[in-house]
Amino acid sequence: MVSPDTIRTAIGVIGNGTALVLFLSPLPTFIRIWKKGSVEQYSPVPYVATLLNCMIWVLYGLPLVHPHSMLVVTINGTGLVIELVYVTLFLLCSRGAARRKVSILLAAEVAFVGAVAILVLSLAHTYERRSMIVGILGVLFGIGMYAAPLSVMKIVIQTKSVEYMPLSLSLASLVNAICWTAYALIKFDLYITIPNGLGVLFAGAQVVLYAIYYKSTQEIIQARKRMANQVAMTEVVV
C-alpha cells in the first residue's frame, strides 16, 4: 500500500511542474513587451505580487524555519528568479510614473522580506514559531498573488475584452492551485491550504471570464484592424 507521504511527495513534484508552467506562462506576453519596447496596458501587479510570494515561501521552506520542505524551496526559488526577470523587463520597457511605481514596489519587497528574515531568525527560537510567523505571511501574500489579477478582471468586465488577461496564465494558475491544495490536504498544512484553495476560486473565475468575453474580444480586435486599414488607405489616397 502506498503511504500518504509517498502520495504527497508525488503530488508535490507534480505541483512543482505545474508551478513552473505557471511561472513560464507569461513568457509570450513578455516577448511581445520586449519586441514593442512598451508594456502597453499590461499590469505589473501580478508579477510583483508573485515575486513577493516566492520570496516569502523560500523563507518558509528554509531548514532553519520549516525543515523538510525542499519541494517548497526549489520551486519558489526558481519562481523568484523568473519573476525577477519579468519585473526587470517591466522596468526596462516602462516609463515615468509606471517605472517609478515598480521600482518602489520592488525595493519595498526586498527590504520587507529581509527584515522578516532577520527578525524571525533572531527572535523566534523554535521551528513552530518560525513556521507560524512566516506561514501566516505566506497565507497573506499567497492570497495576494492569486488575487492580484482581480484588477485585470475588472478591466476585462469594463472593456468586454480579455486581450490583456492571458489565458495561459489563468489556466496555469488554476492547475497549480489545485495541485498544491491537494498536496496540503494530504498531510494537512493550513498555511499552504488557505492561499491555494482561494487560488482555485480566483483562477477559476478568470477562466470563466475568458470564456464569456472571448467572442467580444475577437470582434474588438477585428474592428481595430479594419479601422487601421481604413486609416492606412486614407493616407495613401492623400
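**Close-up 1. Helix 5 packs against helix 6 in this predicted model.** Let's start with two neighbours: helix 5 covers residues 96-123 and helix 6 covers residues 127-147. Two packed helices are described by the angle between their axes and the distance between the axes. Here the axes come within 9 Å and cross at roughly 160 degrees. Angles over 145 degrees count as roughly antiparallel, so helix 5 is roughly antiparallel to helix 6. The crossing of this pair is right-handed. To find the contact, look for F112, V116, V120 and L121 on helix 5, and for R130, I133, V134, L137 and F141 on helix 6. Sorted by class, that gives 8 nonpolar residues, 1 charged residue and no polar ones.

**Close-up 2. Helix 3 also meets helix 6.** The axes of helix 3 and helix 6 come within 9 Å, with a crossing angle of roughly 160 degrees. These two helices are therefore roughly antiparallel to each other as well. The handedness to note for helix 3 and helix 6 is left-handed. From helix 3, the contact takes in A49, T50, L52, N53, I56, W57, L59 and Y60. Helix 6 brings S131, V134, G135, L137, G138, V139, F141, G142, G144 and M145. What classes do the residues in the contact of helix 3 with helix 6 divide into? There are 11 nonpolar and 7 polar residues, and no charged ones.

**Close-up 3. Helix 3 and helix 4 cross at roughly 150 degrees.** Stay with helix 3, but turn to its contact with helix 4: the two axes come within 8 Å. That crossing angle makes helix 3 roughly antiparallel to helix 4. Helix 3 passes helix 4 in a left-handed crossing. On the helix 3 side you can pick out Y47, V48, T50, L51, C54, M55, W57, V58 and G61. They meet V72, V73, N76, G77, G79, L80, E83, L84, Y86, V87 and F90 in helix 4. By class, the contact of helix 3 with helix 4 holds 14 nonpolar, 5 polar and 1 charged residues.

**Close-up 4. F30 and Y86 are an aromatic pair.** A pair of aromatic rings is described by the distance of the centres and the angle of the planes. The structure holds 10 aromatic pairs, and the one formed by F30 and Y86 is stacked, at 4.4 Å centre to centre with 10 degrees between the planes. F30 sits in helix 2 (residues 27-36) and Y86 in helix 4 (residues 70-93), so you're looking at a link between distant parts of the chain, 56 residues apart.

**Close-up 5. Y60 and Y191 pair edge-to-face.** The two ring centres lie 6.4 Å apart, and the planes are 75 degrees from each other. Y60 lies in helix 3 (residues 45-61) and Y191 in helix 9 (residues 190-237), so this pair ties together parts that are 131 residues apart in sequence. Y60 counts as buried at 1% relative accessibility, while Y191, at 21%, counts as partly exposed.

**Close-up 6. H68 and K160 have a positive phi.** Most residues other than glycine have a negative phi. H68, though, has a phi of about 65 degrees although it is not a glycine. You'll find H68 in the loop between helix 3 and helix 4, where H68 is exposed with a relative accessible area of 84%. The phi of K160 is near 60 degrees. K160 belongs to the loop between helix 7 (150-159) and helix 8 (167-186), and at 46% relative accessibility K160 counts as partly exposed.

**Close-up 7. Y164 sits in the loop between helix 7 and helix 8.** Y164 is partly exposed, with a relative accessible area of 22%. Which residues is Y164 in contact with, leaving aside its neighbours within four places in sequence? They are R32, E40, Q41, Y42 and V152. Take Q41: along the chain, Q41 and Y164 are 123 residues apart, yet their C-alpha atoms are separated by 7.0 Å.

Methods
Residues are numbered from 1 along each chain as its sequence is written. This is a predicted model: local features need pLDDT of at least 70, side-chain atom pairs count only at pLDDT 80 or more; totals for chains, interfaces and linings use all residues. Side-chain values use heavy atoms; hydrogens and water are left out. Axes are lines fitted to C-alpha atoms, for helices over the stretch in contact, and angles run from 0 to 180 degrees between N-to-C directions. Helices (H or I, at least four residues) and strands (E, at least two) are DSSP runs, numbered from the N terminus. Angles under 35 degrees count as roughly parallel, over 145 as roughly antiparallel, 65 to 115 as roughly perpendicular and the rest as oblique. A crossing is left-handed if the near helix is turned anticlockwise from the far one by less than a right angle, and right-handed if clockwise. Contact means heavy atoms within 4.5 Å. Ala, Val, Leu, Ile, Met, Phe, Trp, Tyr, Cys and Pro count as nonpolar, Asp, Glu, Lys and Arg as charged, and the others, Gly among them, as polar. Rings of Phe, Tyr and Trp (its six-membered ring) pair if their centres lie within 6.5 Å; planes under 30 degrees apart count as stacked, over 60 as edge-to-face and the rest as tilted. Buried means under 20% relative accessible area, exposed over 50%, partly exposed in between (1.4 Å probe, protein chains only).
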